[in-house]
Amino acid sequence: MTMLLLVRHGLTEMTGPVLAGWTPGVSLDDRGRAQVAALAARLAPLPLAAIVSSPLQRCAETADALAEGRSVKVETDDRFGEVHYGDWTGRPLKELAEEPLWRVVQSHPSAARFPGEDGESLAAAQHRAVTAVRDWNERIAAEHGPDALYAVCSHGDIIKAIVADALGLHLDQFQRIQADPASLTAIRYTETRPFAVRVNDTGGDVTALVPEPTAETAGGNGLRPGDAVPGGGA
């Protein structure tokens with residue numbers, strides 16, 4: 001019953017007008033630093049077993065903010081890195097919106113492969129990210145028990161792709177999911193299915209995300225940890 005907290009990095013000067021991708025040296029701006037400081041304060045009550053980050057600077061800075069004051073060291077996993085947008089990297093979105101591929105990315109993203117030698121398909125990006133989640137779930141459960149929480153700092157399209165997988169959605173539906181800067185998305189993984197507990201959460205109390213001990217989760221009501229409660233539960 002590992003709980004994954006997906007955190008998108010805070011704002012940068014490029015966020016919004018430009019597709020930053022793997023552009024090196026893109027750091028949080030003043031708005032982004034304020035966002036992640038507020039998020040770190042909000043997550044302070046949660047006992048994070050691990051904090052994992054994309055290798056890109058804006059995510060590393062976000063992860064460092066989450067780790068401040070904790071005894072947890074930030075670990076890096078390239079599989080949570082941004083989609084390799086190839087020749088689209090660093091270009092203004094209003095310019096990219098005129099490209100024929102833009103409509104494919106919007107309506108048929110499973111068929112989209114970004115141009116250039118290092119261009120990646122969205123399907124491949126989803127596969128590497130979901131594989132990373134499964135690997136980390138096993139590792140966290142083995143090292144910290146089945147009720148542990150851990151955080152991953154990543155990017156909008158990567159987070160949306162992971163959420164689509166958790167919801168059992170085809171990748172062509174992932175554009176229906178939103179992941180704002182410095183947002184929190186929580187997914188609880190069980191043996192039988194994931195549960196999307198929160199998506200694109202940007203404020204409010206998070207203490208309810210602390211998993212109950214597995215024995216108490218069943219609560220003597222005959223339900224297994226992966227069962228969905230008819231009516232929604234208490």
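Helices (H or I, at least four residues) and strands (E, at least two) are DSSP runs, numbered from the N terminus. The structure is a predicted model, in which local features need pLDDT of at least 70 and side-chain atom pairs count only at pLDDT 80 or more, while totals for chains, interfaces and linings use all residues. Residues are numbered from 1 along each chain as its sequence is written, and side-chain values use heavy atoms, with hydrogens and water left out.

**Exercise 1. Find how many helices and strands the chain has, and describe its overall dimensions.**

Begin with the count, which gives seven helices and six strands. Finally, the C-alpha trace spans about 60 × 35 × 30 Å along its principal axes.

**Exercise 2. In which order do the six strands stand in the sheet, and which strands are at its edges?**

Two strands pair if DSSP finds at least two bridges between them. With this rule, the six strands form an open sheet of mixed pairing, in the order S3-S2-S4-S1-S5-S6. At the edges stand S3 (74–76) and S6 (194–201), and each has a single partner strand, so one side of each is left without a neighbour in the sheet. Now look at one pair: S1 (residues 3–8) and S5 (residues 184–189) run antiparallel and are joined by five bridges. Within this pair, Val7 stands opposite Leu184 of S5.

**Exercise 3. Which residues of helix H1 are buried, and how are they placed around its axis?**

The expected span of a helix is 1.5 Å times one less than its number of residues. Helix H1 (residues 30–43) has 14 residues and should therefore span 20 Å, which agrees with the 20 Å between its end C-alpha atoms. Next, sort residues by relative accessible area, where buried means under 20%, exposed over 50%, and partly exposed in between (1.4 Å probe, protein chains only). The buried residues of H1 are Gly32, Val36, Leu39, Ala40, Arg42 and Leu43. Seen down the axis, they fall within an arc of 160° (that of the directions from the helix axis to the C-beta atoms), so they line one face of the helix. On the other side of H1, Asp30 and Ala41 are exposed. The last step uses contact, which means heavy atoms within 4.5 Å: the buried residues pack against S1, helix H2 (57–67), S5 and S6.

**Exercise 4. Where do Ala182 and Asn200 lie, and are they buried or exposed?**

Most residues other than glycine have a negative phi, and most peptide bonds are trans. Ala182, however, has a positive phi near 60°, and this residue lies in the loop between helix H6 (156–166) and S5. At 9% relative accessibility, Ala182 counts as buried. Asn200 likewise has a positive phi, near 55°, but its place is in strand S6. With a relative accessible area of 18%, Asn200 is buried.
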